[in-house]
Amino acid sequence: TPKNRNDALHPLWQSPLTIPGGTRQSPINIQWRDSVYDPVLKPLKISYDPATCLHIWNNGYSFLVEFDDSADRSIIVGGPLENQYRLKQFHFHWGAINEWGSEHTVDSKFYPAELHLVHWNAVVYPTFEEAVMEGDGLAVIGVFLKLGAHHEGLQTLVDALPAIKHKDTVIEFDVFDPSCLLPPCPDYWTYAGSLTTPPLTESVTWIIKKQPIEVDENQLEAFRMLLFTSDGEEEKRMVDNFRPLQPLMNRTVRSSFQ
Ligand SMILES: Nc1nnc(SCC(=O)Nc2ccc(S(N)(=O)=O)cc2)s1
Ligand SMILES: [Zn+2]
């Protein structure tokens with residue numbers, strides 16, 4: 001029984017749910033028919049060096065795989081971006097059941113999970129922390145996960161999860177190529193948004209892939225055995241770690257495809 005309203009709140013949201021004066025918050029519903037094809041959008045060029053992988057850890061919000069971003073070794077360029085952006089980490093959001101879990105929705109449809117590959121503009125900003133505060137500081141690629149076939153590349157991550165069950169646990173992860181988590185179809189939507197967890201800063205150019213990747217039930221269940229809580233605390237399963245949909249306000253979602 002929660003002692004006060006805050007305890008009743010989802011662990012993610014003990015801080016304010018809304019940013020006062022926020023005009024470009026994420027996630028949003030992508031209404032396919034309202035998105036505008038932009039012929040000027042370039043193909044997104046992705047080149048990741050698997051050796052830049054460092055470790056995988058449970059940060060109490062999600063599990064994330066972090067990369068060595070001290071040089072331009074794993075980068076994205078093109079698409080809606082004016083500069084190249086360096087890969088810093090990727091993580092996921094998922095639900096307690098397969099009916100929901102993604103942060104973005106397409107025509108109000110939830111996917112069971114969503115992958116976020118987080119990149120920062122090291123051409124313009126000296127550190128990630130500074131880029132987080134700037135309108136063109138970050139670029140996040142969103143990939144929807146749908147229930148289907150077993151995903152070989154994801155299994156490498158799934159096999160590591162039992163070792164990072166509790167908050168603030170970490171294990172070495174030497175080689176992993178996140179390209180294996182991207183769908184083959186190049187099509188994407190893009191819009192100006194924000195981080196979906198605190199500090200919720202309005203610094204993200206979102207690039208949402210149209211085609212989901214398929215993962216199987218056992219792989220989704222493996223995400224759900226993680227805990228929000230540290231070892232020794234009362235166990236709280238890490239599920240439903242997605243932010244509620246935010247108002248579109250004065251934004252247009254552009255598509256790279258007709
Ligand atoms: N001084 C600071 N250090 N680190 C930060 S923010 C750390 C960070 O990467 N936050 C983050 C939060 C949400 C997302 S998400 N879900 O992709 O919008 C990505 C990234 S501010
Ligand atoms: Zn995320």
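Me: What makes the crossing of α3 and α4 left-handed?
Reply: A crossing is left-handed if the near helix is turned anticlockwise from the far one by less than a right angle, and right-handed if clockwise. In this predicted model, α3 passes α4 in the left-handed sense. Helices here are DSSP runs of H or I with at least four residues, strands are runs of E with at least two, and both are numbered from the N terminus.

Me: Why is α3 called roughly parallel to α4?
Reply: The axes of α3 (residues 152-160) and α4 (residues 217-224) come within 10 Å and cross at roughly 30 degrees. Axes are lines fitted to C-alpha atoms, for helices over the stretch in contact, and angles run from 0 to 180 degrees between N-to-C directions. Angles under 35 degrees count as roughly parallel, over 145 as roughly antiparallel, 65 to 115 as roughly perpendicular and the rest as oblique. The crossing therefore makes α3 roughly parallel to α4.

Me: Which residues of α3 and α4 meet?
Reply: From α3, L154, Q155 and V158 meet Q219, A222 and F223 of α4, where contact means heavy atoms within 4.5 Å. The residues of this contact comprise four nonpolar, two polar and no charged. Ala, Val, Leu, Ile, Met, Phe, Trp, Tyr, Cys and Pro count as nonpolar, Asp, Glu, Lys and Arg as charged, and the others, Gly among them, as polar.

Me: What makes a site a pocket, and what volume has the largest pocket?
Reply: On a 1 Å grid over the protein atoms alone, a pocket is an open set of points with protein on both sides within 12 Å along at least five of seven lines, whereas a cavity is a set where a 1.4 Å probe fits but cannot get out. The largest pocket has a volume of about 460 Å³, the space filled by probe spheres set on points joined across faces, edges and corners. Of its 26 lining residues, Q89, H91, L195, T197 and P198 are the closest to the centre; lining residues have an atom within 4 Å of a point. The lining of the largest pocket holds 14 nonpolar, 10 polar and two charged residues, and β7 gives the largest share, four residues.

Me: How do you know that the bond from P198 to P199 is cis or trans?
Reply: Its omega is near 15 degrees, and the bond is cis. P199 lies in the loop between β12 (188-193) and β13.

Methods. Residues are numbered from 1 along each chain as its sequence is written. Chains are lettered from A and ligands numbered from 1 in the order in which they are written. This is a predicted model: local features need pLDDT of at least 70, side-chain atom pairs count only at pLDDT 80 or more; totals for chains, interfaces and linings use all residues. Side-chain values use heavy atoms; hydrogens and water are left out.
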